[in-house]
Amino acid sequence: MSTFINIIDVTINQYFIYRLSFVLWRFRNFLNLLLIYFLWSGVFVGKSQIFSYTQTQLISYILIVNITGAVVLSTRTHEVAGEILSGDIINYLLKPLGYSTYLLAKELADKFLNIIFSMGELLILLVLFHPTLAIVATPQTGALFFIFLVVGLILSFHLSLLLSLVAFWTPEVWAPRFIYMVFVTFLAGNFFPLDILPKQLFEFFMFTPFPYLIYIPSKILIHGTGTNVGSMLLIALSWCLILHFMVRVVWNKGMKEFSFFGR
Amino acid sequence: MITVKDLVKTYETPIKSGSILRDIIDRQYKKNIALNHISFEIDENEFVGFIGPNGAGKTTTMKILSGILYPTEGSTKVLGYTPFEKNNKFLKQIAFVMGQKNQMLWELPAIDTFYLNKEIYEIGDASFKQRLQEMVELLACESFIDQPVKTLSLGQRMRVELIASLLHKPKILFLDEPTIGLDIFAQAAIIKFLKEYQSRYKTTVMLTSHYMQDVQRLAKRIIMIDHGTIIFDGMLKDLIRDYSEEKIINIIMDEPLEKLPAFISHYRHAYTFPQLKITIQKSQLHKILPQILESVAYNDVTIEDEHIEDIIKKIFKKKNTSS
Amino acid sequence: MKKNFKLFWLFSTYSIKSAFQQRLGVVLFTLGKLLRFVVFFIFVYQLLSKTRFLAGYNINQTIVFYLTYTMIDNLGQLLFREVYRFRPLIVSGDFSGILIKPYHPFMRILIGGIDVLDVILTLPYTILLVYFIQKAGGFTFLTAIIYIGLIINSLVLTMAFHILVLSLGILTTEVDHATLIYRDLSRMGSVPMDIYKEPLRTLLTFVIPIGIMMSIPVKGLFGILTWNVFLYSVAFCIIFLIGSLTIWKKALMRYQSWGG
C-alpha cells in the first residue's frame, strides 16, 4: 500500500515539474467549455425548451460534463505507448510491483488533479456568468451517478489502454488515438446530450461504449433515473468485461511479440 | 576575401529563477564570452585550419562568417558582404558542411537534394549536369545516389553531403568537422577529395577538425584559438619552426646493440630492435648527431620533427599556465 | 519570384513524397479530421433545424460561419504545417543548414511542408461553402469581394501568428502549447462571435483576435459590417504582421545554433 501511495506522490510531483503544461492543458479545456457553454446559451435565446431540455437543464448538463469528464477521461494510459516504443516498459515489468498497480496509482493521481482543476473552472464560470443550475439530487440519483461514474471510468481506462497497446505492432499510435478523441468529443456527450440526435442514431450509439463514459452519468443527474437503467447498466458492464478481456488478450499477444523481437 | 575585426560573441543563457512569472517578465541571463576580440584576414585560395579545444570558438567563428549567428560586436566582411544580412548573392557563393548535421532530404534519395539545390542556387542545366558528373566521379558515389539518404552509411552520407554543398561552385567553403565519426578509410577518402578539390578549383577553405592529421594534410595556414582568443595565426611550417623545441632521431639497425651507449641514457629514448628512437632538444642536434653516428652501427637514420599534436598540446598548456 | 515558386513547388512535392512514407497514420488523421468536421456539421444542422436561429442568424448563415472557420483553419494548417516541425530543427541544429541557403528561410520553415491531404479536403469544403453561401443569400458582388478580401486578411493574420510561433521556437522551448492554445482559441470562432457575452465577446473579437480571423469576413459577406470594423481588421492584421516580423528578426539575432 505504501508503494502505491509513493507512486501517487511521485506522479503529483511530476505535475509540479511540468506544471506549466498541466495548467495550459486545463486552460485549453476551459476554452472548450466556454465555447460549448456560450453556444448553448446562444441557442436558447428566445426559447424555453429545446428537445427535452430547458435552458437550465442543458447548461447544468454541460457544466456537469466538465466534472464527469475530468473524473472519467483524465488518464495517463497514453504514456504506455511511449513506454512500449522506447522499451522502457521492461524496467517496470522487472520490478516486483505489478505494472497494473503502477498504472492505477498514476491514474488516481491524474484524476485527483484534474478533478480539483475542473471544480475551479466551474467556480470561475459560475462567478462570471451566474447561470442557474438544476440537478435531481435524490439519494437514488446520487447512487446511480456514482455507479455509472465508476463504470465509465473503467471503460475509459480500458479503451485508452487498448489504444496504447497498438504500439506493440506499430509506432503510429497517435492517429488512432486522435480518432478515438473525436469519437469521445461527440459520442460521449461532451458537446451535447446524445438524446438530441435522431432516435435511431441515438439507439444505435447506446450499444457502443461511448455514451457510458460521460453522457449517462451526467444525464442521470439532470433527468433523474429512467426506466431502462437496468438494461443500460447491463450493456455498460458487458462492455467492461469485453474490454477487459480484450486488454488481457492484446497485452499477452503484445508481450510475446515484444520478447520475440528482443527489444 | 574574409576580414574579421575585433569580433566578439557573447551567448546569453537564461537562468531559471524557479518562478515562472519572473522568468517571463524579468528573465535573468548568464553571459558566456565565446569570442573575445578576434581579428584576422583570409585571402583567396587559402586553406586555413582552425584548431583549438572544444568550446574554444572555432565553430562560432565560422557560423558568424556564414551569417548563421549574429556577432555581438566587431565587424566581419566576407566577399564584401556583411554575412548576417544574408544577401542571396552572398549565400550563393558560400557553402557550409557540418559533419554532424544533415542537410539532405532525409527520406529521399540524394539525387533529389541535388535537384533541389540546382533550383536553390539557380544552376543552369548544362553546368549542373557536368558538375554533378564530375563530383560523383571524384567521390565515387554512382552506386548510391539513388538510395534514400537515411539508408546510407555515415561515410557515404558525408560524400553526398559534400556534393550537395559544392554543386554551385562556392567561392568559400566552411568545413566543420567533416570527418567526425568516420572510419579511417572513409576519412582518408574525404581528405584526399578535399585536397584535390581545393587544388583544382582554388576555393578558399576554412576547416576545423579534431584530427590534427586532417589539418596537417590539408591546411597551409593555421589559426589556433583558445577561450575565444587567437593564440597563433600563421603558416603551419612556421608553427613548427617556432614552437617545435625537439627533434626525434630515428635509427634503424642491422644488428642488435650489445649495450646502449651511455650518453643516450641522458635523453628520452625508446629501443626495440631494430629501431632506436631518441628525442632531443633542437639545439643539441649538431652536438649529438655525430656521437650517435659514431657509436651505433646504423642502417638508416632519419630526423623527424616533433608530432604536430605534441607541439599544439604544448602551446595550449603554456598559454593556460601563463595566463 | 519565379525561383520562389519553383522552390515552393519542389518543397511541396518532397513533403508529399515524405508524408507517404507513413501512409496509415496520414490517412487515419485525415479521416479523424473529416469525421470531426462532419459530426459537428450534423450537430449544428440538427440543432438549428429545431431552433431556427442562433444569435439572430438563420441556419444557412450559421453554417456559413462554421464553413468559413473550417476553410480558414484548413488553409492555415495546409500552408503552415511545417511550423509544427520547426522545434526539432532548432534542437538538432539543422536550422543552421537552412540559414545558409540563398532563399528566405520562410520558404522552408513556414510554407515548406504543404499537407497533401488538407489540400484534398479543401475541395469538398469549397463546394459546401459555395453551396451554403448561395443558399444563405443576402450578399452582393461587392460584399463577396469584401468577403474574399477579408479571408485573405485572415490568412495573413494566421501567417503572422505562425511567424510568431517560429520566433518563439528560437527563443524558448514552450512552443507546442502556444500552437495548441491557438487552435483551441480559433475553434471558438467556429460559431458567430455574437453568442459570447461581453466582455468576452470584445476580447475575442478585437483583442485575441479570433473574431477578425473567423467571424468578420462572414459579416462582410452579409453586409452587416461597419467600415470602422473593416478598417480595424485590416489595420490590426498589418500591425500584427509587422510586429511578428520584427520579433522574428530579433529572434534570429539571438539564435544560438546549438545541437548536434
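Two residues are in contact, as the term is used here, if their C-beta atoms, placed from the backbone, lie within 7 Å. The model is predicted: local features need pLDDT of at least 70, side-chain atom pairs count only at pLDDT 80 or more, and totals for chains, interfaces and linings use all residues. Residues are numbered from 1 along each chain as its sequence is written, while chains are lettered from A and ligands numbered from 1 in the order in which they are written.

I begin with chain B. Among its contacts between residues at least 6 apart in sequence, 71% join residues at least 24 apart. The C-alpha trace of chain B spans about 75 × 55 × 40 Å along its principal axes. Of the 323 residues in chain B, 35% are buried; a residue is buried if 20 or more other C-beta atoms, placed from the backbone, lie within 10 Å of its own, exposed if 12 or fewer, and partly exposed in between. Chain B has eleven helices and 13 strands, where helices (H or I, at least four residues) and strands (E, at least two) are DSSP runs, numbered from the N terminus.

Next, a sheet in this chain. Four strands of chain B form an open sheet, in the order β11-β12-β10-β13, with antiparallel pairing; two strands pair if DSSP finds at least two bridges between them. β11 (268–272) and β13 (298–305) of chain B each have a single partner strand and stand at the edges, so one side of each is left without a neighbour in the sheet. From one strand to the next, the twist averages 15°. Seven bridges join β10 (residues 246–253) and β12 (residues 275–281) of chain B in the antiparallel sense. Within this region, B:Leu276 in β12(B) is the bridge partner of B:Ile251. Helix α10 (residues 285–295) of chain B lies across β10, β12 and β13 of chain B and runs at about 10° to β10(B). Axes are lines fitted to C-alpha atoms, for helices over the stretch in contact, and angles run from 0 to 180 degrees between N-to-C directions.

I turn to a helix pair in chain C. Two packed helices are described by the angle between their axes and the distance between the axes. For α3 (residues 59–79) and α8 (residues 141–171) of chain C, the angle is about 40° and the axes are 10 Å apart. That makes α3(C) oblique to α8(C), since angles under 35 degrees count as roughly parallel, over 145 as roughly antiparallel, 65 to 115 as roughly perpendicular and the rest as oblique. Which residues meet here, in α3(C) and α8(C)? C:Ile72, C:Leu75 and C:Gly76 in α3(C) meet C:Ile151, C:Ser154, C:Leu155 and C:Thr158 in α8(C). By class, this contact has four nonpolar, three polar and no charged residues; Ala, Val, Leu, Ile, Met, Phe, Trp, Tyr, Cys and Pro count as nonpolar, Asp, Glu, Lys and Arg as charged, and the others, Gly among them, as polar.

Chain C also touches chain B. In that interface, 23 residues of chain C are in contact with 26 residues of chain B. On the side of chain C, α1 (2–19), α5 (95–99) and α12 (227–254) each supply at least two residues. The largest share, seven residues, comes from α1(C). That side of chain C divides into ten nonpolar, eight polar and five charged residues.

Finally, one residue of chain A. A:Leu125 lies in helix α6 (residues 99–129) of chain A. A:Leu125 counts as partly exposed, with 19 C-beta neighbours inside 10 Å.
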